Amino acid sequence: LDAVNDDYNNNSVQNSNSSDGAQLHDKTVDNVEQKDIKSGSIADKIAPAEQLLILGRSYQTEGRIEEAIKSYDQAVLIVDETDHGNNIKAKAYQLLGNVFTGTSEYMKAIEYYQKAREIHPSLEADEIEVVAYQWLGYNHLQAGQYQESIEYYNEVVKLASQLGCKTREVNATLNPQKIVSLTQLSNLKAKEISHDLGDKKEETNACLMLGDTFELLKQYGNAAESYQKALNISKELKDKEVQANAVQKLGSISFNIGEYEEALKYSKILVELIENPDHRGIKQALAQKRLGMCYAYLGRFEEGLTCFKKALKLVCNHSEKAVEGVINEWCGYCSRFITGKDQEAITFYEKTKTIAKQVGKKYEEYRSNQAIGNILSNTGDYLKAKEYYEQAMDIALELSDKHCEATSCLNLASVCSKDCDYEMARKWYEKALDILGAERNDHLLHEKALTGSGVTLFNLGDTKKAIKLIQEAQTFAKNKNDTDCNEAHSTHAQEKSPRQKTTLLQVEGKFID
C-alpha cells in the first residue's frame, strides 16, 4: 500500500508515545490506579486529568484499548467539571483519535481529531493523526470519491509539513487531491521533496504514481509528462524494469488518444527493453501484441501480422488461453487485409472460436463467426457465409444483445441480396429495422437497414417504397451524429479493433463488422 507506510501499522499506533513528549517515568499501569485520583480543588482535578492521559497511554501501549478509552473519557469529564484545562481535553481527544486509528475506525478517529482542533487550534500535530487522514484519503480514492480524497490528503500534507515528515508529504502530494486542485504544483512538489530526500528510486515511483492519477482523471498531457520524468530518472538509475513500465504507460496514453505513430515508437522501445531473459514470456507476448495493434491501426497489416504471430508463439508456450484467443483474432483481422490470405484468416478465426468456447468468451465467438461469414460472403461462398452468420445470430440471441442481433440480420440480408434472394433479404432487413426501432442509439445500423431495404425493394420492383426508404435513410443520415463504422463493431468489449469506414452508398458488397 503506497498511501500508508508500513512503518505506521496498527502496532506502532498502539505503542506511540510521541504526542507531546510526556514521559511515563516510573509509573506503569500497575502502580497508577484510579484510586490515586481524588476529588479536590480545580488545580487538584487538573493534575489527575493529566495522570489519566498517562494512564490511558500506558493501557494503549499494552493493548488494553477499552481501559485506555475509559481513562481518556474520564480525563475529559474532569476537565468539563472544572471548566479549565482545555489543552488537556484537546490532548485527550487527540489520544482518543489515536486509539480509533489503531482499530482502523478512521472516521471516528477524525471526529476526535477535529474536536481537539476546535478546542485547541494550535495543538501540535501527531503522526498517528496523519495516518488516519491518509487512510481516509486512500479509501475515498479507491471508492472514486475524489473530492473527499482531496480534502483528507490536503490535511495530510498540512500535518506532515508541520511534523517535518517528508516521506508522508511526498505520498500525500502524489494523490488525486493534488492533481485536481494543484495539478502541476503537485508534480513539482513530489519531485522536490523526493529530491531533498536524495531518493531517486522514490522519485521515480512518485512520478509513476502521479502519472497514473493524471491518467485516471483523463489529464493525459500531465500524465505523459510524469511518465516521461519517471523514464528519464530510471535511465539514470539503469533500471530496465522501471523503464519498461514508464514506456508502456507512455505508449498506452498515445494509443488511447489515437496517436498511433507515437504509440508505435514506444511499443518498439518496450519490445527492446523486455527482450531481457527476466521478462520473457507473457510480458513479451503482450508487448508484441501492442506493437501489432499499432501497426494494424496504421493500416500496416503485414507488419502487424508478423508481431501478432510472434506474440502467439510466446503466449502458446505459457498456456495463456484467453490471451491466445485474442491474439488469434488479431491475426485473423490482419490477414483479411492482406491479398491471398483469406484462408489463413479463416484458420485464425476458427482457432479463436475454439478457444472462446473453452474459456467462455461469447463475444469473441460471435465476432469470429461474423468475420468468417464476411470473408466467405466477399469471396462468393454465400451458402457457407449464411451458416456462419446464423451461428453468430444464435449467440447474439443467447447474449440478449440487440446490437449484435441487428448486425447479424443485416449481414444475412446482405448475403441473401448478393445471392439474388431478394425476398429473404427483405425479411432480414425488416427484422433488423424492427430491432433497431427500439435501439435509437444504433444510428449507423439503422441507416444501413433503411438503405439496404430500399435497394432490395427496388430489386423486387417496388420503386415507390424503395424511394421512400432511401429518402428516409438520407434524412436519417443528415440528422444523426457524425460517426463511422466504429459503432458497427462496438461489440468488441475488451479489445479495440480497427474498423473500415463505410459510406452511405457502400451498402451492397460491404461486410458489416
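## Exercises on a predicted helical model

What covers the buried residues of α19 includes α17 (342-359), α18 (362-378), α20 (402-418) and α21 (422-437), where buried means under 20% relative accessible area, exposed over 50% and partly exposed in between (1.4 Å probe, protein chains only). This is a predicted model, in which local features need pLDDT of at least 70 and side-chain atom pairs count only at pLDDT 80 or more, while totals for chains, interfaces and linings use all residues. Residues are numbered from 1 along each chain as its sequence is written, and side-chain values use heavy atoms, with hydrogens and water left out.

**Exercise 1. Describe the secondary structure and burial of the protein.**

Solution. Begin with the elements: the protein has 23 helices and zero strands, taken as DSSP runs numbered from the N terminus (helices are H or I, at least four residues; strands are E, at least two). Then turn to burial, where buried residues make up 50% of the 513 residues.

**Exercise 2. Find which residues of α23 are buried, and where they lie around the helix axis.**

Solution. Next, A466, L469 and A473 of α23 are buried. Seen down the axis of α23, these buried residues fall within an arc of 70°, so they line one face of the helix; the arc is that of the directions from the helix axis to the C-beta atoms. That buried set packs against α22 (443-459), with contact meaning heavy atoms within 4.5 Å. Finally, on the other side of α23, K464, K468, K478 and N479 are exposed.

**Exercise 3. Classify E472 as buried, partly exposed or exposed.**

Solution. Start from its place, which is in helix α23. E472 has 39% relative accessibility and therefore counts as partly exposed. The C-alpha atoms of E472 and E447 are separated by 8.6 Å, although these residues are 25 apart along the chain.

**Exercise 4. Work out how α10 and α11 are oriented to each other.**

Solution. The axes of α10 (residues 200-216) and α11 (residues 220-237) come within 8 Å and cross at roughly 160°; axes are lines fitted to C-alpha atoms, for helices over the stretch in contact, and angles run from 0 to 180 degrees between N-to-C directions. The two helices α10 and α11 are therefore roughly antiparallel to each other, a class for angles over 145 degrees.

Definitions and conventions. Angles under 35 degrees count as roughly parallel, over 145 as roughly antiparallel, 65 to 115 as roughly perpendicular and the rest as oblique.
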